[in-house]
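I am opening a notebook on a structure that is new to me, and I mean to look things up one at a time.

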Amino acid sequence: MWDVDGNKYCDYYNHGALFLGHAHPVVVKAVQEQMALGGAMMGDHNEFQIMHSNKVTSMVPCAEEVRFCNSGTEGTMYAIRLARTYTKRKKVAKVAGHFHGANDQLYVAVSPPFDKPQTGGVPGECFTNTVVLYEGDVEGLEKAAKQNDLAAIICCFVHGSGGGGIQMDIEYIKALREVTEENGIVLINDEVITGFRLAPGGAQEYVGLTPDLAVLGKMVSGGIGSAGGFCGKSEIMEMANPKIPGYERWERATTAGTFSGNSLSMAAGYAALDLIDKAEGSLNRHANQLGEKAKKELNQFFEEEKIKAQAVGTGSMISVYFTEKPIKSCYDLEATDKKALYRYHLWLVTQGVYTLLGKNFYISAVHTEEDIDYLVEKTREYFKG
Ligand SMILES: Cc1ncc(COP(=O)(O)O)c(C=O)c1O
């Protein structure tokens, strides 16, 4: 990637949307061909939408059906609407520290203080049906499920931006699955970042646990935008079927949008996922291995030099944090030295390593061992001069 002054960067930023890197020839070709045929707006269903639906349902474990929308935020909104329609319940639980886009009802308990909204302009009433859970607190989870009539629990099995790429404790993920099953609650895994990245089937394949619904974004349209979707069990997804017999309009979930499933995003998404699918996990394994290499070599260096920093994360999503205390969950990130992190990231940017300041490094399928060597070398240089 180059800036306007001609400086060259190795990009680990892009909000984690570019698992195949910038301008991958397969995606470029699909976009060019579709533009020449008529662009994005067909108004109705299109061939790529069908091909892409079949591709997503063949790749993502929970996906018996899929619907597309225009962003991850929309995807979380629709997934919750579906869960509420299906269960005929109101309340929704989220896990503190998890980010699900700018969706009003979930824009609380994202970063500390967890009892405050993440933004202005969202009245407190928006959160009256939102219950906050805490990662690791199985007792609290069981209590919340018994005390509230929960329609859904939404979470990220593996954290994206701001959560360090850290996987939730597997015992807590299993508890989420058990408690939701026992209480008829829809378990939604937000795979906006992890989808098609950690494995062809996303975090649910990587972790080995299938939710009822998953939210998709970013790579679902090959990283070109208008990227969103939600998928899962047919009996829940069918609540979004406008032709569902015997249901009044207000008894089913409306999930339509002008550019939802548009032919351009579908063509790009299909081309990208087809590539990932046909590689049978090798692209995902490549990126994950590079992530593990970076983590290992950075941690070796921090240990050797007694630098109070740690590289953490899962597969191709890694982060560095400045602290002595072991980082086990997203809650350990708050007490880390943010200024030191910004200074480190800013230095990297000046050296041609492009990162989202203070957040994750997103490693793609087209990064190389040499790219990771350069990141480690520049980190050494930063600390040793
Ligand atoms: C886990 C997660 N969910 C939802 C979203 C929102 O997606 P979008 O920015 O496409 O609305 C994001 C965005 O980064 C995300 O990381």
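What follows are my entries, from the whole chain down to single residues.

**Entry 1: the whole chain**

I note before anything else that I am working with a predicted model. I looked up the secondary structure and found that the protein chain has 11 helices and 12 strands. I then looked up the extent of the C-alpha trace, which along its principal axes spans about 70 × 55 × 40 Å.

I wanted to know how the radius of gyration of the protein chain stands beside that of a compact globule. For 385 residues a compact globule would come near 21 Å, and since the protein chain has 21 Å, the two agree. As for burial, 48% of the 385 residues count as buried. I also looked at contacts with a separation of 6 or more, and 73% of these in the protein chain are accounted for by residues 24 or more positions apart.

**Entry 2: helix 1 and helix 8**

The crossing of helix 1 past helix 8 is right-handed.

Which residues make the contact between helix 1 and helix 8? On the side of helix 1 I list Val26, Val27, Ala30, Val31, Gln34 and Met35, and on the side of helix 8 Ser263, Leu264, Ala267, Ala268, Ala271, Ala272 and Leu275. Sorted by kind, the residues of this contact of helix 1 with helix 8 are 11 nonpolar, two polar and no charged.

**Entry 3: helix 4 and helix 5**

Next I looked up helix 4 (residues 138-147) and helix 5 (residues 170-182), which pack at about 15 degrees with their axes 10 Å apart. Angles under 35 degrees count as roughly parallel, so I write down helix 4 and helix 5 as roughly parallel to each other. Here too I recorded the handedness, and helix 4 passes helix 5 in a right-handed crossing.

In this pair, Val138, Leu141, Glu142 and Ala145 of helix 4 meet Tyr172, Ala175, Leu176 and Val179 of helix 5. The contact of helix 4 with helix 5 divides into seven nonpolar residues, no polar and one charged.

**Entry 4: helix 9 and helix 11**

The last pair I looked up is helix 9 (residues 282-304) with helix 11 (residues 369-384), where the angle is about 20 degrees and the axes are 10 Å apart. That angle makes helix 9 roughly parallel to helix 11. Helix 9 passes helix 11 in a right-handed crossing.

The contact draws on Leu290, Lys293, Ala294, Glu297, Leu298 and Phe301 from helix 9, and on Glu369, Ile372, Leu375, Val376, Thr379 and Arg380 from helix 11. I count what is given for this contact of helix 9 with helix 11 as seven nonpolar, one polar and four charged.

**Entry 5: backbone details in loops**

A cis peptide bond joins Pro112 and Pro113, with omega at about -5 degrees, and Pro113 sits in the loop between strand 3 (91-95) and strand 4 (130-133).

Lys218 is not a glycine either, and its phi is positive at about 40 degrees; I found Lys218 in the loop between strand 7 (213-217) and strand 8 (228-232).

Is Lys218 buried or exposed? With 27 other C-beta atoms within 10 Å, Lys218 is buried, whereas His15, with 17 such atoms, is partly exposed.

**Entry 6: two single residues**

Asp11 lies in strand 1 (residues 10-11), and because 18 other C-beta atoms lie within 10 Å, Asp11 is partly exposed. Leaving aside neighbours within four places in sequence, I found Asp11 in contact with Met1, His22 and Tyr354.

Met51 has its place in helix 2 (residues 47-59), and with 17 other C-beta atoms within 10 Å, Met51 is partly exposed. From Met51 to Asp212, 161 residues apart along the chain, the C-alpha atoms are separated by 23 Å.

Note on methods
Residues are numbered from 1 along each chain as its sequence is written. This is a predicted model: local features need pLDDT of at least 70, side-chain atom pairs count only at pLDDT 80 or more; totals for chains, interfaces and linings use all residues. Axes are lines fitted to C-alpha atoms, for helices over the stretch in contact, and angles run from 0 to 180 degrees between N-to-C directions. Helices (H or I, at least four residues) and strands (E, at least two) are DSSP runs, numbered from the N terminus. Angles under 35 degrees count as roughly parallel, over 145 as roughly antiparallel, 65 to 115 as roughly perpendicular and the rest as oblique. A crossing is left-handed if the near helix is turned anticlockwise from the far one by less than a right angle, and right-handed if clockwise. Two residues are in contact if their C-beta atoms, placed from the backbone, lie within 7 Å. Ala, Val, Leu, Ile, Met, Phe, Trp, Tyr, Cys and Pro count as nonpolar, Asp, Glu, Lys and Arg as charged, and the others, Gly among them, as polar. The radius of gyration is taken over C-alpha atoms; the globule rule is 2.2 Å times the number of residues to the power 0.38. A residue is buried if 20 or more other C-beta atoms lie within 10 Å of its own, exposed if 12 or fewer, and partly exposed in between; C-beta atoms are placed from the backbone.
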